[in-house]
Amino acid sequence: QRCAAFQSAEIGGGRRSRTAPTATRTQSTTLAESSLHAALHSTLSATADVEESTGTAATSSELPPVLQDIVDERREFEINLGRAMDTLRKDYPHLLYRAPEFSIYHDDINVVDPSGVQLTGLNSYKQSFRFAQSIVGLFYDKDKSFIKHRMVYDWARGSIRMSWNAVIVPKVVGNRRNALYLDGVSMYKLDTESGKIIEHKIENVILNNTPLNPPYPTQMLLASALLGTDRRVPAGVGAGAWGAVLEQQ
């Protein structure tokens, strides 16, 4: 009987010893699953908080309608300003013999000098270029003539500032000694609504080291320098031929 009891106790103890690890593993698995669920819940909660805060930040970053209109207008103005400056930069080297891109100019453009308005309207503006370029084509060597320029944006005046230097060489006895040297400054102001150049102001015009006093002749820019304030005959051009040009004005 004692042997049977001992065997029974041994068998029972063996069973207990075999089932104990199983229970421990089950408990560990339950704890791990609980921890995983808790971690997932914490992660989802944090994600929701981030999304909510992001949405709040996006909402708070929106501007009032009035300020948004100002921002949009400023952005549109900067785009038009960049386009105008790019076009002027491309046009200036060829102004002596090629028409500029007139799409950047307002229909009601004014050309002014320190004395006041001298020319009004896009058609008159185009005509002045045609007149100047026809003179260059008749009497001057466009292959030897050239224009150099330097462009900046004048934030104080809100204008594009173009400093230009033209060297215009006659066809007859054409060399640098009897060429026309024309220097000046052009200020271009943009219309805020259309984004086009509404004003072209000419300043500090110097012909062969001689300052020209305003009002500058209304033929503008190159034509004004070629004609001169005292209507002298340009170097290398016959007096008879130049007189014929003046009669056409």
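Q: Is Tyr 153 buried or exposed?
A: In this predicted model, Tyr 153 is buried, because its relative accessible area is 16%, and the cut-off for buried is under 20%.

Q: Which residues do ring pairs link into a cluster?
A: The cluster is made of Phe 102, Tyr 105, Tyr 125 and Phe 129, linked by ring pairs. Tyr 125 and Phe 129 are among the buried residues of H3.

Q: Tell me about H3, then: what is its span?
A: Helix H3 covers residues 122-139, and its 18 residues reach 26 Å from the first C-alpha to the last, close to the 26 Å expected at 1.5 Å a residue. The buried residues of H3 include Leu 122, Ser 128, Phe 131, Ala 132, Ile 135, Val 136 and Phe 139. As background, an α-helix has 3.6 residues a turn, so residues three or four places apart point the same way.

Q: What about H2, why does its span agree with expectation?
A: Helix H2 runs over residues 65-91, and its 27 residues should span 39 Å at 1.5 Å a residue; the end C-alpha atoms are 39 Å apart, so the two agree. Buried residues in H2 include Phe 77, Asn 80, Leu 81, Ala 84, Met 85 and Leu 88.

Q: What covers the buried residues of H2?
A: The cover includes strands E1, E3, E4 (159-168), E5 and E6.

Q: Changing topic: where is Gly 195 found?
A: Gly 195 sits in the loop between strand E5 (180-190) and strand E6 (197-207), and it counts as buried because its relative accessible area is 11%. Leaving out residues up to four places away in sequence, Gly 195 touches Asn 80 and Leu 190. Gly 195 and Leu 81 are 114 residues apart in sequence, with their C-alpha atoms 7.3 Å apart in space; Asn 80 and Leu 81 are both among the buried residues of H2.

Q: And Ser 145, where is that one?
A: Ser 145 lies in the loop between H3 and strand E3 (146-154), and it counts as buried because its relative accessibility is 6%.

Q: What does the side chain of Ser 145 reach?
A: The side chain of Ser 145 reaches the backbone oxygen of Asp 141 at 2.7 Å, and it also reaches the backbone nitrogen of Val 169 at 2.9 Å. Not counting residues up to four places away in sequence, Ser 145 touches Leu 96, Val 167, Ile 168 and Val 169.

Q: Now Asn 110: which strand is it in, and which residues does it touch?
A: Asn 110 is found in strand E1, residues 105-113, and it counts as partly exposed because its relative accessibility is 24%. Beyond four places in sequence, Asn 110 touches Val 117, Leu 119, Thr 120, Ile 198, Glu 199 and His 200. The side chains of Asn 110 and Thr 120 are joined by a polar contact of 3.3 Å, while Asn 110 and Glu 199 are 89 residues apart in sequence but 4.9 Å apart in space, C-alpha to C-alpha.

Q: Zooming out, what does the secondary structure come to?
A: The protein chain has five helices and seven strands, which follow the pattern α-α-β-β-α-β-β-β-β-β-α-α along the sequence. Buried residues make up 34% of the 249 residues. Of the contacts between residues at least 6 apart in sequence, 54% join residues at least 24 apart.

Q: What is the mean pLDDT, and where is it below 50?
A: The mean pLDDT of the protein chain is 73, and 61% of its residues reach 70 or more. Over residues 1-21 the pLDDT is below 50, and this stretch has zero contacts in the model beyond near neighbours in sequence. Residues 218-249 also stay under 50, although the model has 71 contacts beyond four places in sequence for them.

Technical notes: Residues numbered from 1 in each chain as written. Predicted model: local features only at pLDDT ≥ 70, side-chain atom pairs only at ≥ 80, totals over all residues. Heavy atoms only, no water. Helix = DSSP H or I, 4+ residues; strand = E, 2+ residues; numbered from the N terminus. Buried < 20%, exposed > 50% of the residue type's maximum accessible area, 1.4 Å probe, protein only. Contact = heavy atoms within 4.5 Å. Expected span 1.5 Å × (residues − 1). Phe/Tyr/Trp six-rings, centres within 6.5 Å; stacked < 30°, edge-to-face > 60°. Polar contact = N/O pair within 3.5 Å; in protein donor to acceptor, adjacent residues only side chain to side chain. pLDDT = per-residue confidence, 0-100.
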